[in-house]
Amino acid sequence: MLVTGNDILVPARAGKYGVASFNTNNMEITQAIIHTAEKLRSPVMVQMSEGAIKYGGQDLANIVIDLAQRATVPVALHLDHGSSYESALKAIKMGFTSVMIDASHHQFEENVKETRRVVEAAHAMGISVESELGRLGGIEEHIVVDEKDAFLTDPEEAVQFIEQTGTDYLAIAIGTSHGAYKGKGRPFIDHARIEKIAQLTSIPLVAHGSSGVPAEIVERFRTGGGVIGDAAGIADEDLQRATGHGIAKVNVDTDLRLASTVAIREALNANPKEFDPRKIFGPARDLMSQIVEHKLTVLGSVGKA
């Protein structure tokens, strides 16, 4: 069933479990996400970035909407990192049930102003809104933030921001980062900051940049001919602790990108003569499904739908 973000995330915050929000760029990714959520009786969010909208357009949105409407578990279609009021309205017209306005690169007052504009328009149409306070480092699509420009979310500012904007859920900077390179070793997650913000607020909180970047997948990527540096992800234990303290939405993109590419490389390496797309993209869908199942299990959303 196609629902709003609030329909999924408010129960998650209250139940102290997390809901994965996976980025999609094609049919196979979308099937891996929604079919696995259906199998595990888990709510799930499928998100499209502005880059995905440029790539797949209304056709891709329609695939998500169709699969969501036919699913028996709650599914929301979410705009990831909407860069403007106009972008959010475009997504709503396309059928999205949840939108993000990311004005975190602005000063606090301007962030509030831009977020409130989107909230007022989206709420008038029954759509829920995510916003961001604080800045994550790393690279994702058109989002590029140097470490020197990243900063963690201030708990007191979070309270003011929520009160002044009416945002439905808030992405907070807690030490995660976009992309496959989250630092050397195990990335530091500021759990004390999460807990403080959660104590002061009641809305669902969001963790961006939460791919696990499994070592096995990275190694298979290299074995298949891929070139990747010292990739590192967020530990399962950190996500489980965070979801117990207010993080209700957990964004995952890199893991599915890596898994898809690994499976495609392996299929082509195993049979260089293969040109049947079903035998190339099918294994990618299967491996992505495994990643989705692991993430849903880690976040504790299995059986919640």
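Is Val213 buried or exposed in this predicted model? At 4% relative accessibility, Val213 counts as buried, because buried means under 20% relative accessible area. The legends below describe several close-up views of the predicted model.

**View 1**
Val213 is buried at 4% relative accessibility, whereas Arg41, at 30%, counts as partly exposed.

**View 1. Eight strands close into a barrel.**
The order of the strands around the barrel is β1-β2-β3-β4-β5-β8-β10-β11, and their pairing is parallel. From one strand to the next, the twist averages 25°. Helix α11 (residues 277-299) packs on this sheet and touches β1 (19-23), β2 (44-49) and β11 (247-252). The direction of helix α11 makes about 150° with that of β1.

**View 2. Strand β11 pairs with β1 and with β10.**
Strands β1 and β11 run parallel and are joined by four bridges. Within this pairing, Val19 stands opposite Lys249 in β11. The pairing of β10 with β11 is also in the parallel sense, and three bridges make it up. Here Ala207 stands opposite Val250 in β11. Six of the six residues of β11 are buried, so this strand is largely enclosed by the rest of the structure.

**View 3. Strand β4 pairs with β3 and with β5.**
Strand β3 (residues 75-82) pairs with β4 in the parallel sense over three bridges. Two residue pairs illustrate this pairing: His78 has Ser98 in β4 as its bridge partner, and Leu79 stands opposite Val99 in β4. The chain passes from β3 through helix α4 (residues 85-94) to β4, and this β-α-β crossover is right-handed. Strands β4 and β5 also run parallel, joined by four bridges. Val99 takes part here too, with Val129 as its bridge partner in β5. A right-handed β-α-β unit is made by β4, α5 and β5.

**View 4. Asp102 and Glu132 carry a "binding site" annotation.**
The annotation comes from an unreviewed UniProt entry and covers Asp102 and Glu132. Why can these residues be said to gather at one spot? They span 31 residues in sequence, yet no two of their C-alpha atoms are more than 5.7 Å apart, so they gather at one spot. Asp102 is found in the loop between β4 (98-101) and α5 (108-124), whereas Glu132 is found in strand β5 (residues 128-133). Asp102 counts as buried at 7% relative accessibility, and Glu132 counts as buried at 2%. The side chain of Asp102 makes a polar contact of 2.8 Å with the side chain of His81. His81 is also in contact with Glu132. Leaving aside neighbours within four places in sequence, the residues in contact with Glu132 include Met100, Ile101, Asp102, Ser104 and Asn111. Also among them are Phe161, Leu170, Ala171 and His208.

**View 5. Thr165 is a buried residue of helix α6.**
Helix α6 comprises residues 155-165, and Thr165 is found in this helix. With 4% relative accessibility, Thr165 counts as buried. A polar atom of the Thr165 side chain lies 3.2 Å from the backbone nitrogen of Thr167. Not counting residues up to four places away in sequence, Thr165 touches Val112, Thr115, Arg116 and Val119.

Conventions:
Residues numbered from 1 in each chain as written. Predicted model: local features only at pLDDT ≥ 70, side-chain atom pairs only at ≥ 80, totals over all residues. Heavy atoms only, no water. UniProt positions renumbered as here; feature names shortened; annotations may be inferred. Buried < 20%, exposed > 50% of the residue type's maximum accessible area, 1.4 Å probe, protein only. Polar contact = N/O pair within 3.5 Å; in protein donor to acceptor, adjacent residues only side chain to side chain. Contact = heavy atoms within 4.5 Å. Pairing = 2+ DSSP bridges. Axes fitted to C-alpha atoms, helices over the stretch in contact; angles between N-to-C directions. Right-handed = clockwise from strand over helix to strand, strands pointing away.
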